[in-house]
Amino acid sequence: MIASQQDLRASHGAGRAVFRQAVRILEERGVAYMRRGPGGGLVVAEPNPDFVGRSLSILVESLTRDIQQLGVLPYALETHLFLHGAPRLGPEACERIRGLIHRLDRMAEAQFQAVGGHRLLHQAIRTASREPAVLLANRTASEFASDIMPYSINVSVESERGEAWRITREAAEALIAGDTPTLFDCRRRMLAMFHARWPTWNETDHDPGSPPKTVDPGRPEFNRAGNQAERLTREILREIRSKGWRAGERIGSGAELMARYGASTTILRQAVRMLEEHSAVEFIRGRKGGLYVATPNRARTIAQAAAFLARSAPAPADIHAFLTQLILEGLNQARAARLAGGRKQPQARETIAFGDFCTFAATQCANPMVELFVEILLPFGVQQSQAATQPGAVLDAFTAGDLATRRRLFLTAAWKAGGSEAR
C-alpha cells in the first residue's frame with residue numbers, strides 16, 4: 001500500500017479528475033492499482049510485462065519493414081522453452097496447463113470462440129516457465145503478431161477447434177511430458193499449416209486500401225468499447241505500415257479518421273490516447289492539425305523493459321540461456337551474410353569478452369529485434385569477463401560468411417560464460 005486516495009490527493013494537491021487520470025495511467029502501465037473499500041488505496045502491482053511489451057512491439061515494427069525479421073523472437077522463445085524450460089517444469093505448472101485444456105475442451109463452441117481458446121492455450125505453453133525475460137518476449141511477440149497478421153488469421157486461429165487446436169493440444173501434452181522431439185515436430189507442423197493457409201487467410205487483407213474492421217457482428221467480444229479502441233489502434237498501425245508512412249507524416253484529421261474507420265469520437269479518442277502512450281502517434285490541434293506519425297522513444301522503452309526485469313529479479317542463468325538462443329536464431333536468419341560493412345567490429349586485442357561478442361553478433365544479424373533484446377537482456381545475464389574468445393577467429397567466420405563456424409564460436413563462448421566447458 002502506497003497511501004489512501006485522500007492522503008495522496010492532499011499531499012500532491014490534486015483534484016479528483018487529475019487523480020483518477022493519474023491512477024488510470026499507473027494501472028495501464030502495470031505499476032499500481034486502486035484497492036476499493038475500507039482500508040483501500042493505491043497499491044503497488046506485481047511486475048507486469050503487458051505495457052512495456054506493447055511499447056517494444058510498436059518500436060520494433062517502426063524499425064523494420066521486413067516482417068520476416070520479427071519472426072526471430074517467437075522462434076527463439078519457443079526453442080528456449082523446448083530446450084531450457086520444458087525439462088524444469090514442476091508438477092504445479094503442468095497441472096495448470098492440463099486444467100486449462102480440460103476447461104477449454106468442455107466449453108461450448110461459442111464460448112471457446114469468445115475467450116480465444118486456442119490463443120489462451122498457446123500463451124500458456126509459451127509462458128509455462130514463468131521466466132521474466134520469456135514473459136516480456138512473449139508479450140512483445142504476441143502484440144506484433146496481432147498487428148501484422150491479417151485479421152482473418154487472428155479470428156480463425158483463436159476460434160477454430162480444427163487442425164491448429166489439435167496441434168497446440170498435442171504440444172501442451174508434449175510439454176508436460178518433457179518430450180522435446182514432439183515439441184519441435186508440433187512447431188514444424190504448425191508452421192506448415194500457416195504457410196499452406198496463408199493465401200486464403202490473406203485474401204481479404206492484402207489490399208492496403210481495404211476497409212478496416214473495428215466491429216465484427218460475428219465476434220461480439222470485439223464489439224465492446226475498449227476492444228473496439230484496441231482494434232482501431234491496430235488498424236491505424238496497419239495503415240502506417242502498409243502505406244510506408246514515416247515520422248512526421250499526417251494520417252488524417254479527426255473527422256477524416258472517424259469516416260475512414262467508421263469509429264465514434266469516443267472510440268477514436270481512446271485509440272489515439274493508447275497510441276500516444278507508446279509514442280506511436282501525436283495528435284496536433286488547430287486548423288492544420290490532425291493525427292501524425294511519431295517516433296517511438298527507444299531509450300525510454302528500453303528503460304521500461306529494464307525496470308520490469310529489475311523488479312522481477314530474473315535468474316542470470318535463465319537470461320543467459322535465452323540470450324544465447326536469441327542470437328543463435330538471429331545468426332540462422334542472417335545465414336551466410338558476410339561481415340556487414342561499417343558495423344562495429346571487435347577491437348584488435350587478444351580476446352573478446354562474451355558480452356562484447358553478443359553485441360557484435362547482434363549487430364551482424366542486422367535485425368532490430370535481436371539488437372534491441374540483446375541491449376535489454378545483456379545487463380541481466382552473466383558478467384562479460386566470465387568468458388572470452390579470439391577476435392581473429394570471429395572476424396574470419398563473419399568475413400567468410402561461415403554460419404557453422406559462427407554458431408560454434410558463439411556456442412563455445414556461451415558455454416564458458418555459463419560455467420560449462422565446451423566438449
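User: Let's start with Ser57: in which helix does Ser57 lie?

Analyst: Ser57 lies in helix H3, which spans residues 50-63. Helices here are DSSP runs of H or I with at least four residues, strands are runs of E with at least two, and both are numbered from the N terminus. A word on the source: this is a predicted model, in which local features need pLDDT of at least 70 and side-chain atom pairs count only at pLDDT 80 or more, while totals for chains, interfaces and linings use all residues. Residues are numbered from 1 along each chain as its sequence is written, and side-chain values use heavy atoms, with hydrogens and water left out.

User: Is Ser57 buried or exposed?

Analyst: The general idea is a cut-off on relative accessible area: buried is under 20%, exposed is over 50%, and partly exposed is in between (1.4 Å probe, protein chains only). Ser57 has 0% relative accessibility, so it counts as buried.

User: Which backbone atom lies 2.7 Å from a polar atom of the Ser57 side chain?

Analyst: That is the backbone oxygen of Arg54. To read it as a polar contact, look for a pair of N or O atoms within 3.5 Å; within protein, one must be able to donate a hydrogen and the other to accept it, and residues adjacent in sequence count only if both atoms are side-chain atoms.

User: And which residues does Ser57 touch, not counting those up to four places away in sequence?

Analyst: Contact means heavy atoms within 4.5 Å. Ser57 touches Thr140, Glu143, Phe144 and Asp147 on that count.

User: How do H3 and H9 pack?

Analyst: For such values, axes are lines fitted to C-alpha atoms, for helices over the stretch in contact, and angles run from 0 to 180 degrees between N-to-C directions. H3 and H9 pack with their axes 8 Å apart, at an angle of about 55 degrees. Angles under 35 degrees count as roughly parallel, over 145 as roughly antiparallel, 65 to 115 as roughly perpendicular, and the rest as oblique. H3 and H9 are therefore oblique to each other.

User: What is the handedness of the crossing of H3 and H9?

Analyst: A crossing is left-handed if the near helix is turned anticlockwise from the far one by less than a right angle, and right-handed if clockwise. The crossing of H3 and H9 is right-handed.

User: What about H3 and H19: how do they pack?

Analyst: Here the axes are 9 Å apart and the angle is about 140 degrees. That makes H3 oblique to H19. The crossing of H3 and H19 is right-handed. Leu56, Leu59, Val60 and Leu63 in H3 meet Pro368, Met369, Leu372, Phe373 and Ile376 in H19.

User: How many residues of H19 are buried?

Analyst: Helix H19 (residues 368-377) is mostly covered, with eight of its 10 residues buried. Among them are Val370, Val374 and Leu377. At the start of H19, the backbone nitrogen of Met369 has a side-chain oxygen of Asn367 within 2.8 Å.

User: What is the phi of Ala366?

Analyst: Phi of Ala366 is near 50 degrees, a positive value in a residue other than glycine. Ala366 sits in the loop between helix H18 (354-365) and H19. With a relative accessible area of 33%, Ala366 is partly exposed.

User: Where does Arg130 lie, by comparison?

Analyst: Arg130 lies in the loop between H8 and H9, and it has a positive phi of about 60 degrees although it is not a glycine. Ser129 is in that loop too, between H8 (117-126) and H9 (132-148). Ser129 is in contact with Leu81, Leu89 and Val134, leaving aside neighbours within four places in sequence.

User: How many disulfides are there?

Analyst: A disulfide is counted as a pair of cysteine sulfur atoms within 2.5 Å. By this rule the count is zero. Cys358 is buried at a relative accessible area of 0%, and Cys365 is buried at 7%.

User: Last one: how do H17 and H21 pack?

Analyst: Helix H17 (residues 316-334) and helix H21 (residues 403-417) have axes 10 Å apart and an angle of about 175 degrees. H17 and H21 are therefore roughly antiparallel to each other. Residues of H17 including Thr324, Ile327 and Leu328 meet H21 residues, among them Arg407, Phe410 and Leu411.
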